Amino acid sequence: MKMLWVLALKEIRDGLRNRWIAAAIILLGALALALSLLGSAPTGSVKASDLDITVISLSSLSVYLIPLIALMLSFDSLVGEFERGTMMLLLTYPVARWQVIMGKFLGHVSILFIAIAAGYGGAIIIMTVFSGGSLDGWQAYVAMMMSSIVLGAVFIALGYLVSVLVKERATAAGTAIGLWLVFVVIYDLLLFGALLLDKDQLINQQLFSVLMLISPTDSYRIFNLSLFEGVSNAAGIAGIASEAGMSAALLLGVMSLWIVAPLLMTLVIFQRREL
Amino acid sequence: MVNLKSASEVISLQSVHKAYANETVLHDINLSIQSGECIVLVGHNGAGKTSLIKMMLGLTRPTSGSIEVLGRAPAFSAIVAQRLALGYLPESVAFYEAMTGHEVLSFYAQLKGSSKAECKKLLDLVGLGDAAKRRVGTYSKGMRQRLGLAQAMLGNPQLLFLDEPTTGLDPVLRQHFYELIDDLQKEGATSIISSHALHEVESRASRFVILKKGIVVACGTLDELYQQAVLPVRVKVSVTPGEASRVVERMGSAASITDVNNQSFHLSCLMDEKMSLIRHISSLGDVVQDMQIMPPRLDELYSHFMNGDGPS
């Protein structure tokens, strides 16, 4: 365990050193602040608290932004060390290969945690202190922060898989962008396209739920938009998650699988890799 | 050189073969290294020196054959603690550029369980005490190499692998560098050094391993190699001016004679003919004014093995 922290702290220090963490905090904080200011504008008609509105808009944007941040953190972390030659030296030290991967993972998730906690958390504190907004529905907001970290962890793990598979950093960068497009844009487009073309109704509700569920980004959306009553009322999709039999545990479970599977594959490939 | 009391085998390779997709980089390597030895790997670029070192470090595994380091197969992460006893300085060492020298060294020290005090001591030892707070990105080649040596020395390793350790160092630094290695050696460390600069390591090496295209063409102490190579000894004989050709005639066909001029000529003969030849020359009397014996040099030995006329 001590080894893991030594390796993780190195990544965190790198993140602080190259202003990565600072940039992410500012980006996420500014976004959350802007959206919660916008969220204060609509009133009355749907009887949503300001925070619920913020959760809707912020999670809709996070689903694009968090994967991007996570991939940027991780795509380089293995192939970069292979290329520079630092990995070779590291592996002659008394660390196991799984410790190298898990140490990096711990470090990168911590960076994301710091960025999200400070960015999103800071924004909401600023809002309540300075504009006197209510904290009703804070549970949904905290749940959004937590699930954002989980979503980020998914893409950190996917980034490692890319990083261990490719031979050059440039390829890793390209592949990471492709991965982001697929998970965040293309998959949903294909799904809705198929639904539109599906005149014979081959895709029933159950199949559709499954198709939604297997995508980590869609799981994240459903988790944030439909699990809390206030939010789902405001989003106009009240109750669809429970109707489709999706519980918070199931949704988080799916996302966890998306963390574990790429990490395991990365470990297996890395374990066999010759330097 | 080898301390007999504690001499034991620390590395053993048996018919080790290493091939990548389309080329063989190491071919049938058999090698046994005893503790306390200083092995120097010699060979052209691409002869397999680095491949051999990486395999001993467990970064790669042999395609066939067996390898044992400190009694265990080193490949991959099988026994992590075994690597506590290893120190490695890679060829053109790379570090995390954004960290300071001190941070880099203490990162590695933590992984090896070494103390902060040891870090500081090593930084001072390699002369980086003043630059410790600077980012490694700003270091010169020589400073990186010294930082590389410092990290290799963490935790007093039993086995020290140095891949081309002195490339890019100026002569003064080289000297200092080898003094540091000598100190470790005195404490009983075994070192495996790959090098082009033969004259630097000549006096340190307990044995040379000469590699050529992945094959060990020669292995042994310097004396053994000279014996194997059967290189000629050259003798320069100076005689009274004008007498050279007459003396050459009197030499007969005992040795091959070259470079005859007015007052000197060169002779070359095999090592075991040397003494009789010298006796013969001294029997010639006063005409012989001086005699210089030139034993074969290290680079002649090297090119002998590298040019393919050695046993393979």
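Analyst: Two strands count as paired if DSSP finds at least two bridges between them. Strands (E, at least two residues) and helices (H or I, at least four) are DSSP runs, numbered from the N terminus. This is a predicted model, in which local features need pLDDT of at least 70 and side-chain atom pairs count only at pLDDT 80 or more, while totals for chains, interfaces and linings use all residues. Residues are numbered from 1 along each chain as its sequence is written, chains are lettered from A and ligands numbered from 1 in the order in which they are written, and side-chain values use heavy atoms, with hydrogens and water left out.

User: In which sense do S1(B) and S4(B) pair, and over how many bridges?

Analyst: Strand S1 (residues 9–20) of chain B pairs with S4(B) in the antiparallel sense, over five bridges. Gln14(B), for instance, has Ser66(B) in S4(B) as its bridge partner. S1(B) also pairs with S2(B), again in the antiparallel sense, over eight bridges; there the partner of Glu9(B) is Gln34(B) in S2(B). The link from S1(B) to S2(B) is a hairpin of two residues.

User: What is the order of the three strands in this open sheet, and which strands are at its edges?

Analyst: The order is S2-S1-S4 in chain B, with antiparallel pairing. Strand S2 (23–34) and strand S4 (64–69) of chain B are the edge strands, each pairing on one side only.

User: Which strands does H1(B) lie across?

Analyst: H1(B) lies across S1, S2 and S4 of chain B, at about 60° to S2(B).

User: How many residues are in contact between chain B and chain A?

Analyst: With contact meaning heavy atoms within 4.5 Å, 30 residues of chain B are in contact with 27 residues of chain A. Buried area is the accessible area (1.4 Å probe) that two parts lose on being put together, summed over both. Here that area is about 2,800 Å², and carbon and sulfur atoms give 63% of it. Leu59(B), Tyr96(B) and Leu111(B) lose the most area in chain B, together 24% of what that side buries.

User: How many salt bridges does the rule find across the interface?

Analyst: A salt bridge is a side-chain nitrogen of Lys or Arg within 4 Å of a carboxyl oxygen of Asp or Glu. Two cross the interface of chain B and chain A. One of the pairs is Arg17(A) with Glu103(B), whose closest N and O atoms are 2.7 Å apart. Over all chains, the structure holds 17 salt bridges. They include Glu97(B) with Arg144(B), at 2.9 Å, N to O. Glu97(B) lies in the loop between strand S5 (86–89) and H2 of chain B and Arg144(B) in helix H4 (residues 141–153) of chain B, so the pair ties together parts 47 residues apart in sequence.

Note on methods
Axes are lines fitted to C-alpha atoms, for helices over the stretch in contact, and angles run from 0 to 180 degrees between N-to-C directions.
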